[in-house]
Amino acid sequence: MVSIPFPSVWGIHAVIAGKPIVWGVLNINSITDNRVIGTVNFRGTPIPINGSWDENTK
């Protein structure tokens, strides 16, 4: 069972020394057989991603 909704859009950011340094958008297009397919966009250009999702370790 998958607990991440898809398709979905997530905002992502990183902070170092209290200052935001990276802002981006993660698009999850599909999750099939623990395989995640989507894009990540930091500066206006979507970058394709492929990965795995293990519900037991999240």
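This is a predicted model: local features need pLDDT of at least 70, side-chain atom pairs count only at pLDDT 80 or more; totals for chains, interfaces and linings use all residues.
Local features were taken only at pLDDT of at least 70 and side-chain atom pairs only at pLDDT 80 or more, whereas totals for chains, interfaces and linings use all residues. Residues are numbered from 1 along each chain as its sequence is written, and side-chain values use heavy atoms, with hydrogens and water left out.

The protein chain contains four strands and zero helices. Its pattern along the sequence is β-β-β-β. Both element types are DSSP runs numbered from the N terminus (helices H or I, at least four residues; strands E, at least two).

The C-alpha trace spans about 35 × 25 × 15 Å along its principal axes.

Of the 58 residues, 19% count as buried. Buried means under 20% relative accessible area (exposed is over 50%, partly exposed in between; 1.4 Å probe, protein chains only).

The largest nonpolar core has five residues: Ile4, Ile28, Ile31, Val36 and Trp53. Such a core joins buried Ala, Val, Leu, Ile, Met, Phe, Trp, Tyr and Cys residues through side-chain atoms within 4.5 Å. Beyond four places in sequence, Ile4 touches Trp10, Ile28, Ile31 and Trp53. Contact means heavy atoms within 4.5 Å.

Thr39 lies in strand E3 (residues 35-41). Thr39 counts as buried because its relative accessibility is 18%. Outside four places in sequence, the contacts of Thr39 include Val25, Leu26, Pro46 and Ile47.
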